[in-house]
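Hello,

Here is the structure I promised to hand over. My notes follow below it.

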Amino acid sequence: MPNWQSVAAGGLWAVAATALAAPMNYHETWDSYGGPGDPTFLAVWADLDSLNRFNLLTDNDNAFTGPNNLEYPGVNQDRGLINNLADGINNSQATGAELYPGQWVSPAADSELCVGMYLYISAPLANRKLVNTIIVISKGGQNVSIPKDATVVLPEPIPALAFGLINGWPDAGGTQVNYATPYFFDGKQWVRINAFATATGHNRLWMCIRSDGSVMLSELKGGGSTTGTAQYTGGEFDTLSLRANDVLGWVTARIDDVFLTGGTIGGVASPGACCVRTALGGGTCSIVASQTECQTLSGVWKGGGSTCGTNNANCDFCWPFADSDDDGDVDLDDFGVFQTCFTGATSGYLHPECRCLDRPIPQEGGGFLPPDNRVDNSDLWEFTKCWTGPAILLDRTSPPPGCAP
Ligand SMILES: [Ca+2]
Ligand SMILES: [Ca+2]
Ligand SMILES: [Ca+2]
Ligand SMILES: [Ca+2]
């Protein structure tokens with residue numbers, strides 16, 4: 001005979017759907033900054049690994065959006081900038097971007113995450129081999145440097161993907177031959193893109209990442225795209241960075257219209273209600289920091305921003321009714337609970353918790369009548385439809401046919 005007070009909490013709770021915000025729409029044109037020393041500019045785009053900074057160029061030539069763009073000035077130096085999205089992208093000019101401070105973004109199956117930039121290269125083809133310019137999206141501030149050797153393959157993927165013009169590498173014979181070839185960093189290595197080339201003047205480079213690991217790489221100015229495969233597929237990107245170098249210091253590169261769009265936004269724990277069943281029909285509700293914390297309590301997460309309601313009305317401590325002892329399965333122990341509640345044709349519950357076992361009554365023509373205030377053969381039939389047997393977990397999100405857990 002089960003003891004109502006000692007029925008253990010536990011079992012595998014179904015994971016509630018995570019509420020998703022609108023897709024990311026971040027767009028940096030540099031135009032709102034007052035000049036190279038603007039504290040806002042310095043704060044949003046911080047120094048990268050103590051590298052020299054890109055210049056913030058206050059002019060409006062070359063068909064960039066005015067009045068500013070970012071310039072690699074053609075010096076023999078590594079230069080870079082980093083935008084820690086986790087600290088907020090609230091200084092961008094993007095409409096709505098300030099809605100997502102402290103977030104990360106991930107590609108979603110039905111919403112690819114795209115990152116890109118406008119890239120202007122001053123040099124003619126013969127000198128374009130000298131400059132390297134990349135955009136990096138990464139997790140946890142992971143850095144991707146511009147290596148001296150394109151053949152390096154990391155043993156494990158690092159949480160970063162990058163795309164850009166990388167031409168300052170010698171071929172196997174020591175000669176620099178890659179005059180205009182974009183490269184893609186897939187998390188483990190740099191992959192040469194042969195499907196299209198960059199041009200002197202304006203280029204528009206896009207990298208669109210999907211949750212299945214496929215990555216579309218495009219140059220939209222001259223036209224051309226190809227598909228790559230990411231070795232890092234973990235998403236949760238929180239950092240955007242830009243790097244450039246030039247092996248001789250001859251080539252000016254300019255960057256504008258950096259964007260980050262699409263994907264799935266998440267990462268900031270939004271407190272919500274967590275319902276922990278301690279016995280059939282009863283339990284506790286508390287506001288916890290995250291879905292993860294609720295799962296560690298073996299509770300049912302009601303979603304970010306949810307509340308417990310008056311007298312925990314937002315919790316359904318009857319669910320799933322058939323697993324009365326909350327051990328995940330529906331077996332004879334649960335049937336024992338059912339027996340203690342069985343009233344037959346007599347109205348009224350033998351214990352208050354027995355209301356959980358009084359189920360809606362299916363009708364022949366479809367539909368249900370409401371529970372009838374007694375636990376009888378009709379309820380037994382509903383119970384048996386959820387039967388799994390000992391130690392076989394009831395899949396609460398995909399229960400056995402006819403079972404309404
Ligand atoms: Ca601009
Ligand atoms: Ca059970
Ligand atoms: Ca009934
Ligand atoms: Ca059991």
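A residue is buried if 20 or more other C-beta atoms lie within 10 Å of its own, exposed if 12 or fewer, and partly exposed in between, with C-beta atoms placed from the backbone. Aspartate 212 counts as exposed because it has 12 C-beta neighbours inside 10 Å. Aspartate 212 sits in the loop between strand S12 (201-209) and strand S13 (214-219). Its C-alpha atom is 8.7 Å from that of proline 107, 105 residues apart along the chain.

This is a predicted model: local features need pLDDT of at least 70, side-chain atom pairs count only at pLDDT 80 or more, and totals for chains, interfaces and linings use all residues. Residues are numbered from 1 along each chain as its sequence is written, while chains are lettered from A and ligands numbered from 1 in the order in which they are written.

Next, strand S7 (residues 113-121). Strands are DSSP runs (E, at least two residues), numbered from the N terminus. Nine of the nine residues of S7 are buried. Leu113, Val115, Met117, Leu119 and Ile121 cover one side, and Cys114, Gly116, Tyr118 and Tyr120 the other.

Two strands pair if DSSP finds at least two bridges between them. S7 pairs antiparallel with S12 over nine bridges; glycine 116 has tryptophan 206 as its bridge partner there. S7 also pairs antiparallel with strand S16 (residues 253-262), over eight bridges. In S16, arginine 254 is the bridge partner of tyrosine 120.

Last, an open sheet of three strands, in the order S19-S18-S20, with antiparallel pairing. S19 (282-288) and S20 (300-304) are at the edges with a single partner strand each, so one side of each has no neighbour in the sheet. S18 (residues 272-279) and S20 share three bridges, and cysteine 275 has valine 300 of S20 as bridge partner.

Best wishes

Conventions:
Helices (H or I, at least four residues) and strands (E, at least two) are DSSP runs, numbered from the N terminus.
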